[in-house]
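Please keep the structure open while reading.

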Amino acid sequence: MPDNFKSHVVTQGVQRSPNRAMLRAVGFGDDDFTKPIVGVANSYSTITPCNMGINQLALRAEAGLRQAQAMPQVFGTITISDGISMGTEGMKYSLVSREVIADSIETACTGQSMDGVLAIGGCDKNMPGAMIAIARMNIPAIFVYGGTIKPGHYNGRDLTVVSAFEAVGQHSAGKIDDAELLEVERRACPGAGSCGGMYTANTMSSAFEALGMSLPYSSTMAAEDEEKADSTEKSATVLVAAIRQQLLPRQILTRQAFENAIAVVMAIGGSTNAVLHLLAIANAAGVELVLDDFETIRARVPVLCDLKPSGKYVATDLHRAGGIPQVMKMLLTHGLLHGDALTITGQTIAETLADIPTEPSPEQDVIRPWDQPLYAQGHLAILRGNLATEGAVAKITGIKKPQITGPARVFESEEDCLRAILDKKIQAGDILVIRYEGPKGGPGMREMLAPTSAIIGAGLGDAVGLITDGRFSGGTYGMVVGHVAPEAAVGGAIALIQEGDSITIDAPARLLQVNISEAELAQRRAQWQPPKPRYTKGVLAKYAKLVSSSSLGAVTDLNLG
């Protein structure tokens with residue numbers, strides 16, 4: 001065992017006997033003081049199905065660490081259910097929880113001088129929150145995904161939580177009756193696990209596998225399957241080996257690793273939130289990563305997987321088809337991955353993928369053959385223009401027309417916009433503008449799944465555009481543009497739009513603009529007044545003061561020096 005562990009209460013001998021006495025009370029025996037102390041960051045919670053099965057995984061991790069001759073120390077961290085808080089004031093706390101999770105893991109591990117950490121997460125912000133902490137601390141670490149939910153079923157089709165949101169729009173449009181709406185709600189989420197499509201949780205778990213910080217295949221396993229628990233125990237063993245070798249996260253979280261993760265996100269049709277979270281993790285790791293890097297990689301990586309929200313299949317289908325290793329092997333074969341990037345196992349990406357076929361099985365159609373991609377280029381486009389001088393993020397798959405010009409319909413909140421959609425006040429050709437929902441203005445950058453699902457449910461997905469300085473759920477698709485920066489609360493041009501202004505969204509040209517003169521825009525800017533803060537006390541007020549632009553990952557520790 002190397003003598004450079006951080007904790008090593010043991011190396012202090014008699015001088016640290018009070019510390020040793022307290023450790024004896026939590027289960028240390030005489031022979032345990034020479035073992036590495038490993039944190040298990042346990043995000044178990046009954047708040048959400050995403051996290052309700054995680055405690056069992058924490059127990060398996062604890063057993064695996066003991067078997068590998070480490071001393072596990074289990075501690076809790078929080079979660080916020082995006083799906084349950086969606087469309088409410090509570091959704092403002094979702095992105096904030098990413099920072100709380102990161103801070104809590106850093107505080108526990110560093111405060112107790114742990115030698116390593118195994119973090120287990122389920123809902124969307126568990127993953128980036130944990131990885132931000134891991135990158136900050138730079139102690140040996142591994143991430144364990146709590147697992148995906150299995151699909152629900154109704155009338156011969158697979159259901160996910162997004163099916164319930166879209167059913168609300170269908171019901172409002174008179175396309176389904178009360179009974180069908182209730183049946184979809186009853187069946188959409190049949191058990192434990194994170195939302196089943198290629199939404200944010202499954203996107204980030206896949207990205208972490210591509211980064212090399214999780215074990216192969218672990219990102220698409222079902223929460224309720226035994227292989228998930230087995231993989232958790234194996235993760236514990238791999239972590240202890242990394243501690244012995246002093247294999248540190250920043251040796252893995254390199255520029256090449258982030259490029260690999262972005263390529264995988266594009267190939268699987270992942271969530272727009274991956275842009276925000278990968279920027280934030282890179283910031284914590286000290287890796288230079290900018291919005292335009294996503295556009296550069298998008299241009300050369302095809303969408304290979306036919307997954308919800310805009311496709312047919314769910315994450316468990318992807319797992320059966322070969323999972324993320326199959327997708328990565330195809331990218332590697334065609335020169336779109338850095339094969340020499342290191343993983344937590346000590347192997348390189350190329351070594352890890354050595355035995356994976358270069359093409360997917362012809363017996364499935366979840367993963368397309370290389371010469372028959374779903375789309376020739378990636379689906380997450382970075383748009384710029386006078387409405388987004390710092391950039392904006394658009395998901396451009398699953399839509400028939402990637403360009404639209406129409407009159408602005410301006411809303412100062414998500415609730416106002418949703419009410420207009422459900423009241424049938426939105427027409428084909430309109431461009432909905434939801435503003436003052438950004439990182440500072442919301443605060444918290446709420447996701448807009450309720451209005452976007454209502455648009456889809458009403459049959460307007462190809463006919464209406466939507467732009468916002470807020471975010472979108474991984475379940476969102478359609479002609480939607482989020483993360484518009486600068487945001488309205490700091491005087492970004494989205495704050496200056498007036499009802500009826502002509503707006504152009506042009507994904508192929510990567511353009512987002514309001515079609516008025518610079519002189520008119522300047523005149524409106526001179527008259528604009530910043531709104532009063534919505535919160536003056538508590539966590540949202542602190543977050544609003546500290547948070548950076550979404551174009552930088554909406555991080556809270558960018559310039560604190």
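A residue is buried when its relative accessible area is under 20%. The model is predicted. It holds two aromatic pairs.

**Helix α18**
- Helix α18 spans residues 449-457, and nine of its nine residues are buried, so the helix is largely enclosed by the rest of the structure.
- The buried residues are L449, A450, P451, T452, S453, A454, I455, I456 and G457.
- Their cover includes the helices α6 (161-172) and α17 (414-422).
- The strands β10 (431-434), β11 (465-468) and β12 (479-485) are also among what covers them.
- G459 follows α18 and has a positive phi, near 80°.

**The pair F28 and F33**
- F28 and F33 form a tilted pair, with centres 5.4 Å apart and planes at 35°.
- The label is tilted because stacked needs planes under 30 degrees apart and edge-to-face needs over 60.
- F28 has a relative accessible area of 5%, so F28 counts as buried.
- F33 is buried too, at 3% relative accessibility.
- F33 also has a charge over its ring: the charged end of R20 sits 4.4 Å from the ring centre.

**The pair F143 and F208**
- F143 and F208 pair edge-to-face, at 5.3 Å centre to centre and 85° between the planes.
- F143 belongs to strand β4 (residues 141-145) and F208 to helix α8 (residues 200-211), so this pair ties together parts 65 residues apart in sequence.
- Both F143 and F208 are buried.

Definitions and conventions:
Residues are numbered from 1 along each chain as its sequence is written. This is a predicted model: local features need pLDDT of at least 70, side-chain atom pairs count only at pLDDT 80 or more; totals for chains, interfaces and linings use all residues. Side-chain values use heavy atoms; hydrogens and water are left out. Rings of Phe, Tyr and Trp (its six-membered ring) pair if their centres lie within 6.5 Å; planes under 30 degrees apart count as stacked, over 60 as edge-to-face and the rest as tilted. Buried means under 20% relative accessible area, exposed over 50%, partly exposed in between (1.4 Å probe, protein chains only). Helices (H or I, at least four residues) and strands (E, at least two) are DSSP runs, numbered from the N terminus. A charge sits over a ring if NZ of Lys or CZ of Arg is within 6 Å of the ring centre and within 35 degrees of the ring normal. Contact means heavy atoms within 4.5 Å.
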